[in-house]
Amino acid sequence: MLYLKNVSLKYKIPLRVTVLVSVTAFVLASTLVYRGIEDLRSNLIANADRMGRVIADTLVQPMLHDDVWRSLEIINTPFRIQEYQAPDRGAEYILILNAANKVYVATQPERFPMLSDPVDIEPRYTEILKALPDLRKPVPTVVEPYQSDNLLLLIPIQSDGMRLGTLVMSYPKSPFTSRFYSLTQGAILTTLLVIIVLLPLGMYWGRKMAAPLLQLSDAMRNITPNLPEPGEIILEESNDEIGQLGKAFKGMLAGLKEKEQLQQQVISSNRLAAIGRLTAGIAHEINNPLGGMLNAISTYKRHGTQDALTLKTLSILERGLIQIKETVAALLVEAKSKSRPFDRNDVEDIRTLIQPDVKAKHINFTGEIDIAGIRSLPSTLVRQVIINLLLNAVQATQEHGQVRLDIHSDNDNLVIDVANSGSHIPQGKIAYLFEPFTSLNETGRGLGLWVIYQIVQQLDGQVSVQSVPDETRFVVQLPLQRDNHHE
Amino acid sequence: MARSALIRILFLLLAMPFASCSHATEQSARPPIRIGLTPVFLDDQATFINEWRDYLQRHLDQPVTFVQRGTYREIVDLLGKGKLDFAWLCGYPYVRNKKIFRLVAVPLYQGKPLYQSYLIVPSSDRQTQSLGDLRGKNFAFSDPDSNSGHLYPEYLLAKQGSNPSSFFAKAFFTWSHRKVVEAVAIGLAQGGAVDGYVWDTLALAHPELTSKTRIVSKSPPFGHPPFVAGIATPRQDIAALQQVLFRMTHDGEGGRSLLDRLNLDGFVYGGDRLFEGIEEMAKFVAETGNNTSRK
């Protein structure tokens, strides 16, 4: 049984269908055979009873007159009728027992001589004599002696409530046997035919039924180690239980996928936050002594001895320190300074600022700006975000490429959407895109996107990247209409 | 008077269709001759009987009705009451009713107006030599009023001081000679008494039936079952029927072939003396029967 349990549904379902079909066919066939035999039997008994009662009634007069020959002629009538002599319907013999249960006359007079005791001739008659029917009994009395090949029908011959004798009609059982064989043969043939017709159908249905389950089980096996994309899973669409199971499975998979993405985002933003804190801390620690050093150099240049070597040395030091300061300042995105609200003039300034780069590369620059009524965002920060995005875009775009800027308000957000037709960013790099010193080209320091990220974070906004071949799109969403702590 | 005139008109109207289709206009006016038949011959051949009736009608120039009944007694009663004009019956009832019956004709069988009673047993029985061997067996008689099928064996038993009901286990009547042969052939009876003429005739037509029986003994010859007339039958009718019957053997067209089918040679007057043997037996049986019943 254990072995059967492990068999694939692909085989198990058709196998069960086969068994079911066979059992049904067998049961049906047996029922038909049984019914056939029963019908034959009850037909025979009903016919014999009807005929027997007519005969018994006709026998009253001759028996009252003790007319043996007339009685014999009467019981011989059925044997004279041609139709009655059909082998499966005829009685073997008919016999009249007198009131003393001795043979009155029989259609086989040599076997049952007149006045003989039937028990002497056939011991089975003891059993038959015990079953002598009631005079008033309306149903036929049928006796089937033990291990006998005959079925006997007993009908009383009566006159005025007195038993004159009993009519005994003996029918051979052989027609039942032959009918049984012919019926069984027919039933077996029919069964085989049914099986031949239904079996392939059953196998086909069974396989069809098993197929979605097998698909589902295959799909489940494949979710490790990497979650498959929703498009990779092919399951049959239906509304039955298997279809619902498939849908639930897809839903579960989508949930898992979402969770995985969320986890990735959390990890990435946590990392960026940690980097941000580290950077800010280091920048502050550098900034304090740096200010002192730059002050000291400035003071010495104004008041100290002015020999050429010292001046030169100090200049080198000063330039280095300033570079450090600039770098640190770039890392340290400070939003503390007060700023006026972002407006249309800022957009015009940005256009002017990037114009030289656009022209240099013959880039087709388009802009769609709809910022009417937006006032709550600090202009300095937003300008920096837009400029950085546009400069990146221009830089990433090949000559004669396209750069599109779309600024509009969407619900409670200001949406800055910058797209370019440059080479796309590989998937692996997107995860680290906003970390400092992640440069996509040779020239940049890799701080532009870091700065954007820091500003967006400070403004409680979101930034996302979509990069497919021929289009890379950065979308920044900044919340509006709420108390900005920068104001 | 008006009523009888009406009846006459009705009768004429009824006769009209016959008059139009039959040449025997005068016949239909005369009442038919009624002849009773008993199974002293093979009376179960409806076609033959019809042909024979047609023959008689033609030659008597008068309608003929054949009347058949289940037993001899019924025919005898009908003839005695004048409800039949003639009857073909056994010599036994004739001799018992000689005062009211008149002998008309006796058939000639094998050239003689005589026949015998046969004692038959199933052909499987090779032992039985005489009636005495059948003691305690079942026996088939034809009709209680038959000479060959009852009186003769009864007489044999009476001579031995016995009678059928004590001698046989079961004695029964089949009401016809042919059925005696059947009863013995199927083994219902272990012996039977049968009209020898009927057995011989049956052997010609149905040898498969008679071959299942064996003749154990034959009786001395008796007068063949005769045609008799009732006491009220007009003499000219008797004479007319006698004429037709006697001439049948000479009538090449129809009569001869009918006699052939009856397995008879013709009809003769015969005379009462032919039946003296039967009369004696009847007297003997009656006396012994009376004696035994008185005892």
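Predicted model: local features only at pLDDT ≥ 70, side-chain atom pairs only at ≥ 80, totals over all residues.

**Sheet in chain B.** I started with the strands and found an open sheet of 6 in chain B, ordered β2-β1-β3-β12-β4-β13, with mixed pairing. I noted that β2 (64–68) and β13 (266–268) of chain B stand at the edges with a single partner strand each, so one side of each has no neighbour in the sheet. On average, neighbouring strands here are turned by 25° against each other, ignoring direction.

**One pair up close.** I picked β4 (residues 101–108) and β12 (residues 227–230) of chain B, which pair in the antiparallel sense over 4 bridges.

Next I checked α3 (residues 46–60) of chain B. That helix lies across β1 (33–37), β2, β3 (86–88), β12 and β13 of chain B, and α3 runs at about 145° to β2(B).

I then went to Asp61(B), which is in the loop between α3 and β2 of chain B. Asp61(B) has a relative accessible area of 42%, so I put it down as partly exposed. I also took a distance: Asp61(B) and Asn97(B) are 36 residues apart in sequence, and their C-alphas are 30 Å apart in space.

I looked up two non-glycine residues with positive phi. Asn101(A) has phi near 65°, and its place is the loop between β1 (93–98) and β2 (103–106) of chain A. Gln110(B) has phi near 55° and is found in the loop between β4 and β5 (114–115) of chain B. Buried or exposed? For Asn101(A), the relative accessibility is 19%, so it counts as buried, the cut-off being under 20%. Gln110(B) is exposed, at 60% relative accessible area.

**Nonpolar patch, chain A.** Last stop was the surface of chain A. Ile188(A), Leu192(A), Val194(A), Ile196(A), Val197(A), Leu198(A), Leu201(A), Tyr204(A) and Trp205(A) form a nonpolar patch there, with about 860 Å² of accessible area together. I checked one member, Ile196(A), and found it in helix α6 (residues 174–221) of chain A. Ile196(A) comes out at 57% relative accessible area, and the cut-off for exposed is over 50%, so I logged Ile196(A) as exposed.

Note on methods: Residues numbered from 1 in each chain as written. Chains lettered and ligands numbered in written order. Heavy atoms only, no water. Pairing = 2+ DSSP bridges. Axes fitted to C-alpha atoms, helices over the stretch in contact; angles between N-to-C directions. Contact = heavy atoms within 4.5 Å. Patch = residues over 30% accessible without salt bridge, like charges linked within 9 Å, V, L, I, M, F, W, Y side chains within 5 Å. Areas by Shrake-Rupley, 256 points an atom, 1.4 Å probe, with all protein chains shown as cover. Salt bridge = Lys/Arg side-chain N within 4 Å of Asp/Glu carboxyl O. Buried < 20%, exposed > 50% of the residue type's maximum accessible area, 1.4 Å probe, protein only.
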